[in-house]
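Here is a short briefing on backbone geometry and strand pairing. Please view the model before reading on.

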Amino acid sequence: MDTQVGQNGQEGLDRNVIQIGEGGVMEVDGSVTFGPGVRVLVGPNAKFKIGDRSYITANSKLIVKSELEIGSGCAISWDVQLMDTDFHYAAEGRPNTKKIKIGNNVWIGSRATILKGVTIGDGAIIAAGAVVTKDVAPQQVVAGNPARVVKEAVRWVP
């Protein structure tokens, strides 16, 4: 897989890291772009899927212990974190993980954080700095910490 260093990247300083643990899968459906400094960490037996025409800009981190799915036409801004785990263990001794699913044509603003178990519907917009702990319906705008709906029936097309 080729890595594209963004126009503003500093080659050699803003290196991308893609790590896939044993039995892990990274599936790229079409053409995607990772900006400088993006980190993708796919754990053992975990799955990461990203759709056509999606891009992730500089210094974002994707931590996948179970499953992360990003649809087509998504725009993920600077310093975003997507984590399907909170790194804590349940009483049974298993890591506490839940799939994150991001629909098509979703825009995630700078420094937003999407936490485990969240589904974001098609065409939604996540404001800069939002901490998303619950599902977001299609075409909603959410903002804040924790994120809450600030607008509905938006139309954003990448």
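Two strands pair if DSSP finds at least two bridges between them. Strands are DSSP runs (E, at least two residues), numbered from the N terminus. This is a predicted model: local features need pLDDT of at least 70, side-chain atom pairs count only at pLDDT 80 or more, and totals for chains, interfaces and linings use all residues. Residues are numbered from 1 along each chain as its sequence is written, and side-chain values use heavy atoms, with hydrogens and water left out.

**Strand pairing around S8**
- Strands S5 and S8 run parallel, paired over 4 bridges.
- In this pairing, Lys-47 stands opposite Glu-67 of S8.
- S8 also pairs with strand S13 (residues 100-102), in the parallel sense, over 3 bridges.
- Here Glu-69 faces Lys-101 of S13 as its opposite residue.

**Side chains along S8**
- Side chains alternate along S8 (residues 67-70).
- Leu-68 and Ile-70 point to one face and are buried (under 20% relative accessible area, 1.4 Å probe, protein chains only).

**Backbone exceptions**
- Most residues other than glycine have a negative phi, and most peptide bonds are trans.
- Arg-53, not a glycine, has a positive phi of about 65°.
- Arg-53 sits in the loop between S5 (47-51) and S6 (55-56).
- Arg-53 counts as exposed, at 52% relative accessibility (exposed means over 50%).
- Ala-153 has a positive phi near 55° and lies in the segment after S20.
- Ala-153 is also exposed, at 67% relative accessibility.
- Asn-145 and Pro-146 are joined by a cis peptide bond, with omega about -5°.
- Pro-146 belongs to the loop between S19 (141-143) and S20 (148-151).
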